[in-house]
Amino acid sequence: MGLADRRHEHLIVRAEVMKPPGPDDCKDIEQWMTQLILDIDMQILRDPSALYWPGEGNRGMTCDGLLTTSNTCLHTWDEVFPAMMEFDLYTCSCLPVETVIKAFDRFEPVKIEYKLYDRATGLVLIRESHPVIAESKPEQKCSFCWKPRAAVEAMVACWQEQFICNECVDICSNVLRQHGVRADVTRTR
Ligand SMILES: [Zn+2]
């Protein structure tokens with residue numbers, strides 16, 4: 001097959017999910033990406049490699065894999081709720097989009113959008129999703145006092161559906177202060 005006959009398809013996926021990968025899931029995500037590449041009949045040039053970045057404001061997982069003359073990449077952000085996932089897949093074949101979208105099931109998406117481009121002769125949009133939107137987004141509730149988001153001033157997201165409201169943060173700070181523990185040394189990451 002000559003270069004001119006090849007497809008140059010690029011799939012971009014954006015998902016909002018309830019179960020993003022956490023700091024201990026790097027191996028899991030590498031296996032997930034490996035399986036996905038095999039499921040769409042692409043050849044792995046370099047095994048997928050995942051890292052979890054714990055830095056505030058940019059916390060989440062990044063995983064990439066090299067295919068023969070193409071690549072795939074996943075980024076997640078779990079400080080927002082629902083968590084956000086961005087996925088890229090560039091191939092020189094016809095992409096089975098449904099197979100890729102199905103692979104996101106394990107993250108429990110509440111919304112998935114995609115665009116599929118052909119880059120062989122230009123940037124041509126082949127297909128795009130009508131956003132798959134959940135009927136109602138799950139409500140944020142404080143994991144400590146169970147108050148909903150609307151009842152408090154602020155809500156801090158941990159990962160995977162866990163939150164703490166500003167009132168509970170205050171209570172925790174006071175308790176720690178009473179025990180002589182400074183609040184700024186209570187951070188674990
Ligand atoms: Zn609370």
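**Reading the model**

Mentor: The average pLDDT of the protein is 86, and 87% of the residues score at least 70. Keep in mind throughout that this is a predicted model, and that over residues 185-189 pLDDT stays under 50, a stretch for which the model has three contacts beyond four places in sequence.

Trainee: How should I read a helix, and which residues of α1 are buried?

Mentor: The general idea is that an α-helix has 3.6 residues a turn, so residues three or four places apart point the same way. In α1 the buried residues are I29, W32, M33, L36 and I37; they cover an arc of only 130° around the axis, which puts them on the same side of α1. The face turned away from that buried side carries the exposed residues K27, Q35 and L38, and what covers the buried residues includes β2, β3, β4 and α2.

Trainee: What span does α1 reach, and what span is expected for it?

Mentor: With 14 residues, α1 reaches 20 Å from its first C-alpha to its last, close to the 20 Å expected at 1.5 Å a residue.

Trainee: Is C26 buried, exposed or partly exposed, and why?

Mentor: C26, which lies in helix α1, is partly exposed because 18 other C-beta atoms lie within 10 Å, whereas a buried residue needs 20 or more. Leaving aside residues up to four places away in sequence, C26 touches A50, L51 and Y52. C26 and L51 are 25 residues apart in sequence, yet their C-alpha atoms are 6.1 Å apart in space.

Trainee: Which residues touch the most other members of the largest nonpolar core?

Mentor: The general idea is that in soluble globular proteins, nonpolar side chains tend to be buried together. Here the largest nonpolar core has 26 residues, of which L11, V13, M33, M85, L95 and V100 touch the most other members. The elements that give two or more residues to this core are β1, α1, β3, β5, α2 and β6, and the largest share, five residues, comes from α1.

Trainee: How do I read a strand, and which residues of β5 lie on its covered face and which on its uncovered one?

Mentor: In general, in a regular strand the side chains alternate between the two faces of the sheet. In β5 the covered face holds A83, M85, F87, L89 and T91, and the uncovered one holds M84, E86, D88 and Y90. M85 in turn touches A15, V17, P20, L74, T76 and F107, again not counting residues up to four places away in sequence.

Trainee: Which strands are joined to β5 by bridges, and how do they run?

Mentor: Nine bridges join β1 to β5, and the two run antiparallel, with V17 standing opposite A83. Seven bridges join β4, residues 70-77, to β5, also antiparallel, and T76 has M85 as its bridge partner there. A hairpin of five residues joins β4 to β5, and in that loop lies P82, whose peptide bond from F81 is cis, with omega near -10°.

Trainee: Which residues other than glycine take a positive phi in the loops, and are they buried or exposed?

Mentor: T69, in the loop between β3 and β4, has a phi near 55° and counts as exposed, with 12 C-beta neighbours inside 10 Å. W146, in the loop between β8 and β9, has a positive phi of about 70°, and with 10 C-beta neighbours inside 10 Å W146 also counts as exposed.

Terms used. Residues numbered from 1 in each chain as written. Predicted model: local features only at pLDDT ≥ 70, side-chain atom pairs only at ≥ 80, totals over all residues. Core = buried A, V, L, I, M, F, W, Y, C linked by C-beta atoms within 7 Å. Helix = DSSP H or I, 4+ residues; strand = E, 2+ residues; numbered from the N terminus. Contact = placed C-beta atoms within 7 Å. Pairing = 2+ DSSP bridges. pLDDT = per-residue confidence, 0-100. Expected span 1.5 Å × (residues − 1). Arc of directions from axis to C-beta.
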